[in-house]
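Me: I have a structure open and want to learn how to read it. Can we go through it in questions and answers?

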Amino acid sequence: MFNKIYDWVDERLDITPIWRDIADHEVPEHVNPAHHFSAFVYCFGGLTFFVTVIQILSGMFLTMYYVPDIKNAWESVYYLQNHVAFGQIVRGMHHWGASLVIVMMFLHTLRVFFQGAYKKPRELNWLVGVGIFFVMLALGLTGYLLPWDMKALFATKVTIQIVESTPFIGEMLKTLIAGDASIVGAQTITRFFAIHVFFLPAVLFGLMAAHFIMIRKQGISGPL
Amino acid sequence: MSKNRVTRRQFLNYTLTGVGGFMAAGMLLPMVRFGVDPVLQQKGDSDFIATNQKISDLTTEPTRVDYSFEQQDGWYSSEETGTAWVYKDENDKVVALSPVCKHLGCTVNWNGDKANENHFYCPCHGGLYTKDGTNVPGTPPIAALDVFPTKEVDGFLHLGKAEPR
C-alpha cells in the first residue's frame, strides 16, 4: 500500500534522490557506538535536536491554552496544567525540556571543544553553534516570564536590571525589551511572548539549517 | 528457516520503524490528547439556573423573565444574562420559551407587533410565533421556539438549558 503510493509519486516527481541525499550517508566507524562505546559522545548534538523538536511540538500545543496577558496568563497556565488532560505532562515536557536542551547543548559543545572539532575547516560551524547557544539561552530566558508567577516576575526584573547595566545605551535597551521605562507588566509579557514564540524560533531554524548543511557538506571530523 | 527469509535490511527497517514509531507515539500521544481535550471534556448535567420570578405570580400572559448566571469558560468566569418568556398554560403548567428567533437568532417579543396581537414577533424579519411558540407559516422562521425545562424551587422558577423541539 505505502510502497504503491510512494512509487506513484516517485514516478512523477522523482523524489528518491531528494531524501537519499539527506538520509543516505555513511556513519564512520569512529562515531559508531557499536564499534567504540565511547563514541556515545557523538550523540549529544542529535539529542539536542531531538529535545528541540519536543520543545517545538509541546510549545505549539501549549499555546492552544496559554494567553500572554497579565490578567489571564497565570490563570490559563493553572487551567491547562490542572484541568486539561495530560496538561501536567505537556507543560512538564516543555519545562524540563528547556533545561535538558541546555544540558545537551553544553555536552555537545564540550565534545566539539575537547576533540578540537571546531578547527579548520569547521570554524564557521562553531560560530553558528555559538549563535544557536545564545538563541537557546534567550529562549529559556523569555520563556521563564510567561507563566507570570512571582518567580517569573522577579527573575525578569533581575534580567532587566542586567540589561540596564549596559554602558551608554542601557536605558534604551531596557525600555526596548520591557516595553516600558519603569514597569514590568502588560507590555513586557506580550513582548516576551512574541520573542519567545516567533522571533527566536525563526532565528533558531535558520541557524540550525546552516549548522546541518555545513556538517553534511564538510562531514564529521576524523578520529582523534 | 522458513521459506520467506527476512533480509538484514528488512529486519532493520521493521525494528527501527517500530521503535521509532513507538517513541514518536509516546511523545505525541500526551500532546494530541491535550490538544483535543475540549472535545472530550465531560460536561456536567445542565444545571438549573435560579430566577427571581415567583411561580405564583405567573399568569396566562407571557412575562419576560431576565436571569443571570455565572459562566465558567476555561479559566475565565463571567456574569452572563439571559431571558425567557414564561406563562402558565390552561392546565396550569409553566411554559418557558427561549426568545431566540429560529430564523436568524434575533430576539422575539410578546405582542411586539401591533398588527399581530397575542403573537411573539421578531422585529428583524417579521417572524411570528403563536403563544405556544409554534412558528406561523408564511413568516421566515422554520421551527418553533426552543423550550426551557422548568422546575419550581421554594416557589421560584428555575430554568434549565433551552432545548429545540
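Me: Which residues of chain A does the UniProt annotation "domain: Cytochrome b/b6 N-terminal region profile" cover?
Reply: Keep in mind that this is a predicted model. The annotation comes from UniProt, from an unreviewed entry. The span it marks is 70% helix and 0% strand, with its end C-alpha atoms 45 Å apart.

Me: How many helices does chain A have?
Reply: Read along the sequence, chain A follows the pattern α-α-α-α-α-α-α-α-α. The C-alpha trace of chain A spans about 55 × 50 × 35 Å along its principal axes. Chain A has zero strands, and its helices number nine.

Me: Are α6(A) and α9(A) roughly parallel or roughly antiparallel to each other?
Reply: Helix α9 of chain A is residues 186-218. Its axis and that of α6(A) come within 9 Å and cross at roughly 160°. Angles over 145 degrees count as roughly antiparallel. So α6(A) and α9(A) are roughly antiparallel.

Me: What is the handedness of the crossing of α6(A) and α9(A), and how many nonpolar residues does their contact have?
Reply: α6(A) passes α9(A) in a left-handed crossing. The contact of α6(A) with α9(A) has seven polar and no charged residues, and its nonpolar residues number 18.

Me: Which two residues does a cis peptide bond join?
Reply: Look in the loop between α5 and α6 of chain A, where A:P121 is found. The omega of the cis bond is about 10°. It joins A:K120 and A:P121.

Me: Which residue has a positive phi although it is not a glycine?
Reply: Go to the loop between α1 (2-13) and α2 (16-23) of chain A, the place of A:D14. The phi there is about 55°, and the residue is A:D14.

Me: Where in chain B does UniProt place the feature "transmembrane region"?
Reply: This record is also an unreviewed entry. In the model, the span is 100% helix and 0% strand. The end C-alpha atoms of the span lie 29 Å apart. UniProt places the feature at residues 12-32 of chain B.

Me: Which residues of chain B does UniProt list for "domain: Rieske"?
Reply: The chain over this span is 0% helix and 34% strand. The end C-alpha atoms of the span are 10 Å apart. UniProt, in an unreviewed entry, lists residues 86-159 of chain B.

Me: Which helix gives the most to the side of chain B that touches chain A?
Reply: The contact takes 16 residues from chain A and 10 residues from chain B. The chain B side divides into six nonpolar, two polar and two charged residues. The top contributor gives six residues, and it is helix α1 (residues 8-35) of chain B.

Me: Are α3(A) and α1(B) roughly parallel or roughly antiparallel to each other?
Reply: Helix α3 of chain A is residues 43-62. The axes of α3(A) and α1(B) come within 9 Å and cross at roughly 15°. Angles under 35 degrees count as roughly parallel. Therefore α3(A) and α1(B) are roughly parallel.

Me: Which residues of α1(B) make the contact with α3(A)?
Reply: α3(A) passes α1(B) in a left-handed crossing. From α3(A) come A:I54, A:L57, A:S58 and A:F61. By class, this contact has six nonpolar, two polar and no charged residues. From α1(B) come B:M27, B:M31, B:F34 and B:G35.

Me: Why do α5(A) and α1(B) count as oblique to each other?
Reply: Helix α5 of chain A is residues 87-114. The axes of α5(A) and α1(B) come within 9 Å of each other. Angles of 65 to 115 degrees count as roughly perpendicular and those over 145 as roughly antiparallel. The helices are therefore oblique, with a crossing angle of roughly 125°.

Me: Which residues of α1(B) make the contact with α5(A)?
Reply: α5(A) passes α1(B) in a left-handed crossing. α5(A) brings A:G87, A:I89 and A:V90. The residues of this contact divide into five nonpolar, one polar and no charged. α1(B) brings B:P30, B:M31 and B:F34.

Me: What ipTM does the predictor give the complex?
Reply: The mean pLDDT of chain B is 89, and 97% of its residues reach 70 or more. For the complex, the predictor gives a pTM of 0.85 and an ipTM of 0.86.

Conventions. Residues numbered from 1 in each chain as written. Chains lettered and ligands numbered in written order. Predicted model: local features only at pLDDT ≥ 70, side-chain atom pairs only at ≥ 80, totals over all residues. Contact = placed C-beta atoms within 7 Å. Helix = DSSP H or I, 4+ residues; strand = E, 2+ residues; numbered from the N terminus. Nonpolar A, V, L, I, M, F, W, Y, C, P; charged D, E, K, R; others polar. UniProt positions renumbered as here; feature names shortened; annotations may be inferred. pLDDT = per-residue confidence, 0-100. Axes fitted to C-alpha atoms, helices over the stretch in contact; angles between N-to-C directions. Left-handed = near helix turned anticlockwise from the far one by under 90°.
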